[in-house]
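Trainee: I would like to learn how to read a few features of a model. Please take me through them in turn.

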Amino acid sequence: MTREEVLLLIAEVARLLEGCRHVAVGALSPIPAAGALLARELADGAMRVSILGSRRHSPFTDGGRELFDCAAQGRIDAFFLSGVQIDGAGNVNLLGLRREGRPIRRFAGNFGAPYLAFLVPRLILFRTDHDPRSLVERVDFVTAPGSGPPGVWRRGGPVALLTPCCRFAFRDGRFLLESLHPGHDLEEIRARTGFAFALAGEPAVTPPPPEDWRARILGPVREALAEVYPAFAAGLGG
Amino acid sequence: MSFLAVEELVARIPDGAFVALPPDYSGCAMAAVRGLLWRPARGLRLLGVPQLGLQADLLIGAGCVAEIETAALSLGEHGLAPAFGRAWEEGAIAVRESTCPAIHAGLQAAEKGVPFMPLRGVLGSDLLGLRPDWKVIDNPFAEKDPILLVPAIRPDVALFHAPLADRAGNVWIGVRRELLTMAHAARRCLVTVEAVTEEDLLADDRTAAGTIPALYVEAVAEAPGGGWPVGLQGAYPADDAWLARYAREARTEAGFTAMLAEFVAR
């Protein structure tokens, strides 16, 4: 990704977090972390951001369980999930690939996703690539379901899927192409997406971050980010 | 409570033991892991609290491990765990798949001496199908509210590295309170520490609040630098150059063997 593409995604993340009181960001997620810190800047002190793996930007004092207990209490409004595969029904697979039902490749594991997907109201799905091998018709393994199942207590679920090419909203159990990032078009998204998605008229063009947002990203956001993601923070340039 | 040399502490972990280990960021007893590798231990069952990293990858690659129970196993920013990946492909290791809050909840059940803990979420995940020992019941306090029960997790041993112990065997862990949960839940708790202080860690509330009382601690071994190469929060950082080299080299069996030899000899 170019620096401009990264800045655009950071701004998109911040837009998706508007109105949240407390956003948690998992491990290995520099763009979501940057977007959350930008949203906090824009919220003028009305938003809390907890970055896992950070000493300074994580408030937790009760061990590894506290994030999960905090989510269960309804104290976390938004969280991010990526995945080896994401399908058209919003299902996320973090575990591995299967062929004819048999596991053929295993990644790190399910982490907290089978739980957090139910307990956090605003789940933002995020991928750093846009590829039909990862955006698939049906995931090989459901780490976290996009919706339901019926009758099961659930506080929320996916609201959007953000990629380097576009933003999908997640509504009524499927994705809706809402906006195209500059330089990408509908035909390209169709070709690079393995699942069918809905359209509501012409998709918008994702606006670039306004000047004052850029200043905040390259100022306080980058400064805060340097503790957890030093290489990424340095790469944002000046 | 006794003070031991690291080798003596390691000798208290029998082959086949169910050993709870912290993740790479929370105090890993790497010096003790070195002892397990040197022995070498056999048939260990590892519990990630709630995930595993380098310690597990080294032990798996060296053939010390029969089974892992964890929410994930990776080298974090250095990528997937290469020796585990190989063992998994060869079918040489059993994996009890889990999710972070289920492991925390299982240990909390053991802390309380109750047989299970209810947990929200998870229903609708394929993970449920991989865990025949997990049950779904109707919430007895409500109508039509299915909820997951996970059994208590009672490790044989909790093994970790901490900054400080005092002469009575109280162990200061600061904010890393998953180590406290591990110590409560496990039958036995074995700890390596950076240093031993002459002060009483329980005498001052400011240290007592972050201290595991000796009541739960079977043995402590002094091991300065015992967190290398994953580091110890507040004391020294991870040796990222070594970890990056491990992640790269250990992708081949020969590369792993060389890195293992280097780690054990250090």
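Mentor: Start with the rings: the structure holds 11 aromatic pairs over all chains. Rings of Phe, Tyr and Trp (its six-membered ring) pair if their centres lie within 6.5 Å; planes under 30 degrees apart are stacked, over 60 edge-to-face, the rest tilted. This is a predicted model, where local features need pLDDT of at least 70 and side-chain atom pairs 80 or more, while totals for chains, interfaces and linings use all residues. Residues are numbered from 1 along each chain as written, chains are lettered from A and ligands numbered from 1 in written order, and side-chain values use heavy atoms, without hydrogens and water.

Trainee: How is a pair of aromatic rings described?

Mentor: By the distance of the centres and the angle of the planes. A:Phe68 and A:Tyr115 are edge-to-face, at 5.9 Å centre to centre and 70° between the planes. A:Phe68 lies in helix α3 and A:Tyr115 in helix α4 of chain A, so the pair ties together parts 47 residues apart in sequence. Helices are DSSP runs (H or I, at least four residues), numbered from the N terminus.

Trainee: What area is buried between domain 1 of chain B and domain 2 of chain B?

Mentor: The size of an interface is often given as the accessible area lost when the parts come together. Here it is about 410 Å², with 46% from carbon and sulfur atoms; the area (1.4 Å probe) is summed over both parts. B:Arg96, B:Glu97 and B:Ser98 supply 77% of what domain 1 buries against domain 2. The domain bounds, 2-98 + 153-265 and 116-151, come from an automatic or database assignment.

Trainee: How many salt bridges are counted between these domains?

Mentor: The count is 2. A salt bridge needs a side-chain nitrogen of Lys or Arg within 4 Å of a carboxyl oxygen of Asp or Glu. The side chains of B:Arg131 and B:Glu69 meet in a salt bridge at 3.4 Å, N to O.

How values were computed:
Buried area = accessible area lost by both parts, 1.4 Å probe. Helix = DSSP H or I, 4+ residues; strand = E, 2+ residues; numbered from the N terminus.
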